[in-house]
Amino acid sequence: MRVDRFAMAVTDPAPFAIDLVQPTVPVVRGGELAIVVKLTRQPGFDDPVEFQPDFGPTGVGLPPKQLIPSGDTEAVLTVSADRNAPLGKGPLYAMATTVNDTYHGSGFGRIRVSSQFIEVEVAEPFVELASEPTSVRRGGRTTFAFDVTPKTPFEGEAEAKLLGLPKGEIGRAHV
């Protein structure tokens with residue numbers, strides 16, 4: 001449907017604001033990046049708030065709606081970059097919305113606010129890890145060997161952590 005007009009009104013300020021913390025590192029191709037989301041609540045506003053990124057750089061996957069529960073003021077927005085995402089920087093922002101259709105009985109529907117734009121950089125990973133498929137039975141132990149291929153030159157030492165292992169297991173390597 002096309003419209004030739006928009007409804008607009010001057011209102012009281014929203015009872016909350018949402019801010020994305022500018023990341024200091026890039027998201028690498030085939031990787032993920034956690035971005036801190038801060039919710040500033042005005043006194044007396046303790047309702048849950050949904051947020052979702054509406055726009056991001058090409059090749060960067062955006063997660064679905066998330067909820068910041070009553071009383072909380074911080075969350076994490078995790079974005080991912082495709083293996084062939086274009087290298088470079090691009091804008092990202094998120095929208096936050098009250099969960100209830102009427103805020104404190106005002107009858108005006110949901111309140112929706114936008115964060116500021118931040119820049120997300122997509123970069124090549126420093127290294128690429130490859131391994132042969134292997135398996136281990138639950139409760140068993142095994143060693144996984146990885147071939148490490150440098151992708152982006154760097155000086156010094158680095159440490160790689162294998163995430164997603166069962167609780168109590170160690171997954172570290174020096175590169």
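T97 is buried because its relative accessibility is 13%; buried means under 20% relative accessible area, exposed over 50% and partly exposed in between, with a 1.4 Å probe and protein chains only. The residue belongs to strand β8, residues 88-98. Strands here are DSSP E runs of at least two residues and helices are H or I runs of at least four, numbered from the N terminus. Leaving aside residues up to four places away in sequence, T97 touches F16, V49, E50, R110, I111 and R112, where contact means heavy atoms within 4.5 Å.

A quick note on the basis: this is a predicted model, so local features need pLDDT of at least 70 and side-chain atom pairs count only at pLDDT 80 or more, while totals for chains, interfaces and linings use all residues. Residues are numbered from 1 along each chain as its sequence is written, and side-chain values use heavy atoms, with hydrogens and water left out.

## F16, its partner and its sheet

One of the contacts of T97 is F16, which also stacks with F45: the ring centres are 5.4 Å apart and the planes 20° apart. The pair links distant parts of the chain, with F16 in strand β1 (16-20) and F45 in the loop between β3 (32-41) and β4 (49-55), 29 residues apart. Rings of Phe, Tyr and Trp (its six-membered ring) pair if their centres lie within 6.5 Å; planes under 30 degrees apart count as stacked, over 60 as edge-to-face and the rest as tilted. F16 counts as buried because its relative accessibility is 3%, and F45 is buried at 3% as well.

Strand β1 sits in an open four-stranded sheet with the order β1-β3-β7-β5 and antiparallel pairing. Its edge strands are β1 and β5 (60-61), each pairing on one side only. Two strands pair if DSSP finds at least two bridges between them; β1 and β3 have five, in the antiparallel sense. Opposite F16 stands R41 in β3.

## A nonpolar surface patch

On the surface, L129, V136, F144, F146 and V148 form a nonpolar patch with about 410 Å² of accessible area together. Patches take residues with over 30% relative accessible area and no salt bridge, joining like charges within 9 Å and nonpolar side chains (Val, Leu, Ile, Met, Phe, Trp, Tyr) within 5 Å. A salt bridge is a side-chain nitrogen of Lys or Arg within 4 Å of a carboxyl oxygen of Asp or Glu. Areas come from the Shrake-Rupley method with a 1.4 Å probe; for residues, only the protein chains shown count as cover.

L129 lies in strand β11, residues 127-130, and counts as partly exposed at 44% relative accessibility.
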